Amino acid sequence: MADNHGGEAEEGKAMDDKALVILTSDSLETQGMAMILANAMQQQGTDLQLLLCDQAGDLAVEGYQSAQPINTPPSNPAGQVTPEGIMQMLMGNGAQVDVCAIYLPNRDYGEEVLREGVGIAAPGPIAELMRDPSVPVFTF
């Protein structure tokens, strides 16, 4: 009886439903799809942590705007969205967003350029999440 599956089965999901989304792509559609899927996970009750690395880290910079919005499927009432717009919505709903530890040291600017609420990930805690078998890791 040491396992805690009873409550989980009744709820239909794990009690601590978490996910780590790692986004590195500079592709507008890949960034958009990662954010759309993260949004769907969050709507289904997942506690999200997003890690933005490489060119995707630019989404975390205050004032950054995608070259153009992306079109959503006809069934989606949003019409057109931007990855950074969805990211900010996710943050407003409790998602933790961080740039990877090497993002800023490899740019000509510092922490002050990050959007409000965006942090800088430390390798240790991210490695713990990645090693936790109960936390799925999605990479884009």
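This is a predicted model: local features need pLDDT of at least 70, side-chain atom pairs count only at pLDDT 80 or more; totals for chains, interfaces and linings use all residues.
Helices (H or I, at least four residues) and strands (E, at least two) are DSSP runs, numbered from the N terminus.

Residues are numbered from 1 along each chain as its sequence is written, and side-chain values use heavy atoms, with hydrogens and water left out.

**Overall picture**

The protein has four helices and seven strands. Read from the N terminus, their order is α-β-α-β-β-β-α-β-β-α-β. Of its 140 residues, 37% count as buried, where buried means under 20% relative accessible area, exposed over 50%, and partly exposed in between (1.4 Å probe, protein chains only). Contact here means heavy atoms within 4.5 Å. Take the contacts between residues at least 6 apart in sequence: 70% of them join residues at least 24 apart.

How confident is the predictor? The average pLDDT (the predictor's confidence in each residue, from 0 to 100) is 90 for the protein, and 89% of the residues score at least 70. Over residues 1–15, however, the pLDDT is below 50, and this stretch has six contacts in the model beyond near neighbours in sequence.

**Helix H2 beside helix H3**

Helix H2 covers residues 28–43 and helix H3 residues 83–92; their axes come within 9 Å and cross at roughly 20°. That makes H2 roughly parallel to H3. Axes are lines fitted to C-alpha atoms, for helices over the stretch in contact, and angles run from 0 to 180 degrees between N-to-C directions. Angles under 35 degrees count as roughly parallel, over 145 as roughly antiparallel, 65 to 115 as roughly perpendicular and the rest as oblique.

On the H2 side, the residues that meet H3 are Leu-28, Gln-31, Gly-32, Met-35, Ile-36, Ala-38, Asn-39 and Gln-42; on the H3 side they are Pro-83, Ile-86, Met-87, Met-89 and Leu-90. By class, this contact of H2 with H3 has nine nonpolar, four polar and no charged residues. For these classes, Ala, Val, Leu, Ile, Met, Phe, Trp, Tyr, Cys and Pro count as nonpolar, Asp, Glu, Lys and Arg as charged, and the others, Gly among them, as polar.

Leaving aside neighbours within four places in sequence, Leu-28 is in contact with Ser-66, Gln-68, Ile-70 and Pro-83. Leu-28 and Gln-68 are 40 residues apart along the chain, with their C-alpha atoms separated by 8.4 Å. Asn-39, also found in helix H2, has contacts with Ile-86, Met-89 and Leu-90 once neighbours within four places are set aside.

| Residue | Location | Relative accessible area |
|---|---|---|
| Asn-39 | helix H2 | 14% |
| Gln-49 | strand E2 (residues 47–52) | 14% |
| Ala-121 | loop between strand E6 (119–120) and helix H4 (123–131) | 8% |

What surrounds Gln-49? Beyond its neighbours within four places in sequence, Gln-49 is in contact with Ala-19, Leu-20, Val-21, Gln-96, Asp-98, Ile-126 and Leu-129. From C-alpha to C-alpha, Ala-121 and Asp-98 are 5.4 Å apart in space, although 23 residues apart in sequence.
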